[in-house]
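Here is a short briefing on one structure. Start with a single residue, then step back to the sheet around it.

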Amino acid sequence: MDYSIKIGGEAGQGIQTIGDTLARVFSRSGYHVFTHQDYESRIRGGHNFFQIRFSDKPVSASRDRIDIIVALDKESILQHEKELSDIGQIIYDSSGLKQKHEKPQFLDIPFVDLAIEHGGSKIMANTVATGAVLGMLGMELDILLAIIKNTFKRKGEDIIKANTAAAMAGHDHAVKQCMKCSFSAAPPSKPKMLIPGIEAIGLGAIASGCKFYAAYPMTPSTGIMNYIAGKEKEYGIIVEQAEDEIAAINMALGASFAGVRAMTGSSGGGFALMVEGISLAGMTEIPVVIALGQRPGPATGFPTRTEQADLNFALYTSHGEFPRIIFAPGTPEQAFYLTNKAFELSEKYQIPSIIIFDTYLSDSEWTYEGFDLSRIKYNDYRLRGEAFANLPEYKRFAFTQTGVSPLGVPGETRHLVVIDSDEHDEDGHIVEDAETRIKMVNKRLFKKLPLIKKEIEPPSIYGHSNPEIVIAGWGSTYGVMKEAADELSANLDIAVLHFSEIYPFPPVNKFNYIKTLEDAKMTICVENNATGQFARLMRAETGYAFNRSINRFDGRPFTVESLIGEINVLIR
Amino acid sequence: MSSLDDYKGQTPSWCPGCGNFSILKTFKDAMVELGIEPHRFTVVSGIGQAGKFPHYIKCNTFNGLHGRTLPVATAIRLADHDMLTIAVAGDGDCYGEGGNHLMHAMRRNINVKLFVHDNQIYGLTKGQASPTSMEGMVTKNQPFGVFSEQLNPMALAVALDCSFAARGFAGDGEHLKGLIKEAINHKGFALLDILQPCVTFNKINTYEWYRQRVYRIEPEYNPEDRIEAFKKALEWGDKIPIGIIYRNNRLTFEERMPVIKDAPLVKQPFELSKLETTLKEFY
């Protein structure tokens, strides 16, 4: 079983609701699920879609062949009919679309009429459609009905009843009318966890003891703020919507100075406004985590689309020289654990950490058996209470063997915490002399850097153990590269080299990935940008140059089919 | 009890005769009288001559970026509302570079005390016009004189329902000390604009100029009448009022935030085990 469903329509028609609900039904059925979305920067109208793939085997990307298209607008048929698989079906409501299709792969289901008849309101049309899809797949309704019950429990019994009736009507209709439906869903098994990348970052922050999140809304980072804000009370977290991104980063630094773990997030344009604040974190050695959600630029670019073109920006952002960490998760699971690692290392070394992701990862949902909380690290590196009070004297920037000075929490003891954006002495007061300057640069930068570097994990390798062809990438391309390699492995000795811990650049002592690359006949760097920013970083850090590159910069993510096509061109 | 010596910081690098010396001394006197020990408060400052202020006293210090005192101070309060948090800025820092933050700090009514050393000129960058420079003032960068309308921080504060707005004068230390204490004791965001002569670069708004114009607001004045406050805020020129222009009793941001009702954020423990329940929501 490996089916794909596409729900297409205008913004505001509820394709997200149908998609989310179906994905949840599949994950609760124990299937492996992958979803992604394609939408325009508008609240109403246009053409958007939500795509779900589910299987009894692990899936990590969308495929081009669609088995069921739920067409809520004419555009869905025009644009996507050609994507139908051999057994594919399009369901639509001819009265709503004001067009009738007689071809066998079309199934006309009166979403609106059934909704009015059984649910009492046309609002339930999407529930009818959701029920219909499950009917076509030969699946039972119990999980959907449980979701309906939970979703509408606050709206009362009547609404639950109406939606239940609507779902059943859609289901019945599909079961009876879909003569061509030859789908057979696998038997359900243990429910899986379904999580999008953006919530995995938010969840990772909460799991790391983040107590303060300040941000200004900007796609594709807003979901972090939304998610954490929903947990404010439960976890004792303050989420503040700042007046701008300059305020957001400075707030995060203020909160961190005062003794709580703090984070901010934005997209390229907002991150640009944070640049001076990140430099301040570098100078004052205040731990802070920053999520950078990439979307195509320059400037406003494609606000709701995807790209990996801000790596250089993250690497070289901010004036002056100071250490930083950059992580680029490839999956929601990595996003969860790497967000935790970012908090951990930021506080341990008192430096800024950047989690760089993109719209594609942000919106994509993956399924897992679960996240393992025993892998979460939480060490409080701050100096508090009695331990702090008992110190005979305190200097915020005391010179130490490691370059890491004690991070005292102000207010609790008689010790004063003094920090300055000017060059400063051990006490934190302004200095002008060259000797202190040199010592401080040594402390902040040269002493810490090798220690940070030791914490960095090497890239992961997937596929053939002695590959002739290596496709390499970073961040959100992991799933697509993996599936492409799976497919190509029938005829090729191929492996995927994926980097999620990008900076400091991973050393080769734990895994000599340079040797793997040098031993291969062809190495291809796959990037969702125009200029191959990662390939350049690789060459700068290691001297290794990839033989080939595949770059996509049309604002769309790679698909498995398109990537395979491009790899085939290169190896021919 | 603390004494003046407890607040003695580094030696100031301000020009001799600078109005900041009087503010510094007055501030320390006020802290002694209020009995607030150095570790009980944090001064957040930016860049400019005022930005150096916290180095010249003893206290927790966050000397950050130009214009960004208020976001930092806001977050310090949210993380630890037991910490008295004072933002010290100049007119360029606060009314120019950081203008947006000022507007929103007033709206939030975060319980931060903002002391603006307002000398109507840029000191550290050597004599350019500031947002509070008077129209027509000729400087190296404004050879035709300042065209822009002079910013009126008091009127801005009243317009935004700022919970405490006052003006002091560095040349009237005793009065200024009272205002500093009132601002600190006020519950809510407090803007204290302090007229402070720049002896090096501002040859118009001198001690003499201010002394001829400032007057202490009459005791019968009611700062809680917003309309009267707006009228008072508009007074500038031959007569410049000093004292509390406007005050109200709005709830503070901290009071409204349920998360910190029982304890400051920094004192709240984190329990990872809670995550087990949250993870279930993804199934």
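Pro241(B) counts as buried, because it has 21 C-beta neighbours inside 10 Å and the cut-off for buried is 20 or more. This is a predicted model.

**Pro241(B) and its surroundings**
- Pro241(B) sits in strand β8 of chain B, which covers residues 240-247.
- Which residues does Pro241(B) contact, leaving aside its neighbours within four places in sequence? They are Arg167(B), Tyr215(B), Ile217(B), Lys232(B) and Glu235(B).
- Ala166(B) is 75 residues from Pro241(B) in sequence. In space, the two are 9.4 Å apart, C-alpha to C-alpha.

**The sheet**
- Strand β8(B) belongs to an open sheet of nine strands.
- The strand order is β17(A)-β2(B)-β1(B)-β3(B)-β4(B)-β6(B)-β5(B)-β8(B)-β7(B), and the pairing is mixed.
- Which strands form the edges? They are β17 (418-420) of chain A and β7 (214-216) of chain B, and each pairs on one side only.
- From one strand to the next, the twist averages 20°.
- Strands of a sheet pair through backbone hydrogen bonds, either parallel or antiparallel.

**One pair of strands**
- In chain B, strands β3 (residues 84-90) and β4 (residues 113-118) run parallel.
- Five bridges join β3(B) to β4(B).
- Gly90(B) stands opposite His117(B), a residue of β4(B).

**A helix across the sheet**
- Helix α2 of chain B spans residues 69-79.

How values were computed. Residues numbered from 1 in each chain as written. Chains lettered and ligands numbered in written order. Predicted model: local features only at pLDDT ≥ 70, side-chain atom pairs only at ≥ 80, totals over all residues. Pairing = 2+ DSSP bridges. Helix = DSSP H or I, 4+ residues; strand = E, 2+ residues; numbered from the N terminus. Axes fitted to C-alpha atoms, helices over the stretch in contact; angles between N-to-C directions. Contact = placed C-beta atoms within 7 Å. Buried ≥ 20, exposed ≤ 12 C-beta atoms within 10 Å, placed from the backbone.
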